[in-house]
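Hi everyone, thanks for making the time. I'd like to walk you through a structure that may be new to you, one residue at a time. Have a look at it first.

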Amino acid sequence: MKINEEYNYIVLANDIDKVFLAKFSEYPIIDDNLSYNDLCAKLEFHTAKRIVFNNTFYGLRDKEKIEIINLLKKQNIKFILITSNIEDTLYADYIMVYDSKNIILEGLKNIVLKEEKILKKVGYGLPFVVDLAIQLNYYDIFSKIYFDMDELVDDLWN
């Protein structure tokens, strides 16, 4: 598996096993369900250039996820987040969608999230803000896809 060192990755997968995780064995893997405070403490002195999170963000609130990502940016650490939560795709640059241990779809976030039919075929929808932006595009309110709710709301009010 080729990983571009410039991107943060989301791996969207429902069936994660040891064979699947072995694809990322060159990076440290955090696969504990840690609290926000425990995760921050664990990352505070981390020296790796890339970390793999295996469903680690599952119990975190959106604000906490953003704060973790900001902490990683501050430390110049890239991440690979393995998750089954479509909303988490908003936090990365590059998305890989797995189904039955095969790559179904991969690419930059703005390209992958346009493939709604393929995502639905493998059991995912679109992140809420992306779906809302697409629906508003049908009414010629916008002509772009949004990945940030605050930006969409600001543009809507202007």
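Before anything else, keep in mind that this is a predicted model.

Let's start with R50, which you'll find in strand 3, residues 50-54. Is R50 buried or exposed? With a relative accessible area of 2%, R50 counts as buried, because buried means under 20%. So what is around the side chain of R50? A polar atom of that side chain lies 2.9 Å from the backbone oxygen of Y7. The backbone oxygen of F79 also lies 3.3 Å from a polar atom of the R50 side chain.

E5 itself is partly exposed, at 45% relative accessible area.

How many salt bridges are there in total? The count comes to 5. Let me show you two others. R61 and E64 meet through their side chains at 3.5 Å, N to O. On the R61 side, the residue is exposed, with a relative accessible area of 56%. E64, on the other hand, counts as buried at 12%.

The other one is E116 with K120, at 3.2 Å from N to O. Where are these two relative to each other? They are both in helix 5 (residues 116-121), and because they are 4 residues apart, about one helical turn separates them. E116 is partly exposed at 22% relative accessible area, while K120 counts as exposed at 52%.

Now for some backbone geometry. Take N55, in the loop between strand 3 and helix 3 (62-74). N55 isn't a glycine, yet it has a positive phi of about 55°. At 27% relative accessibility, N55 is partly exposed. Then go to N76, in the loop between helix 3 and strand 4 (78-83). Phi of N76 is near 55°, again a positive value in a residue other than glycine. N76 counts as exposed, at 58% relative accessibility.

Okay, let's move to the surface. Which residues make up the nonpolar patch? They are Y138, Y139, I141, V153, L156 and W157, and together they have about 760 Å² of accessible area. Helix 7 gives the largest share of that patch, 3 residues. L156 is in helix 7, and L156 is partly exposed at 44% relative accessible area.

There's a charged patch as well: D148, D150, D154 and D155 gather in a patch of negative charge on the surface. Of these, D148 lies in the loop between helix 6 (128-138) and helix 7 (149-157). D148 comes out as partly exposed, at 35% relative accessibility.

I'll finish with N158, in the segment after helix 7. N158 is exposed, with a relative accessible area of 78%. What does the side chain of N158 reach? It reaches the backbone oxygen of D154, at 3.0 Å. And for a sense of scale, N158 and T56 are 102 residues apart in sequence and 37 Å apart in space, C-alpha to C-alpha.

That's my tour, so over to you for questions.

Terms used. Residues numbered from 1 in each chain as written. Predicted model: local features only at pLDDT ≥ 70, side-chain atom pairs only at ≥ 80, totals over all residues. Heavy atoms only, no water. Helix = DSSP H or I, 4+ residues; strand = E, 2+ residues; numbered from the N terminus. Buried < 20%, exposed > 50% of the residue type's maximum accessible area, 1.4 Å probe, protein only. Polar contact = N/O pair within 3.5 Å; in protein donor to acceptor, adjacent residues only side chain to side chain. Patch = residues over 30% accessible without salt bridge, like charges linked within 9 Å, V, L, I, M, F, W, Y side chains within 5 Å. Areas by Shrake-Rupley, 256 points an atom, 1.4 Å probe, with all protein chains shown as cover. Salt bridge = Lys/Arg side-chain N within 4 Å of Asp/Glu carboxyl O. Lys, Arg positive; Asp, Glu negative; His and termini not counted. Charge placed at Lys NZ, Arg CZ, Asp CG, Glu CD.
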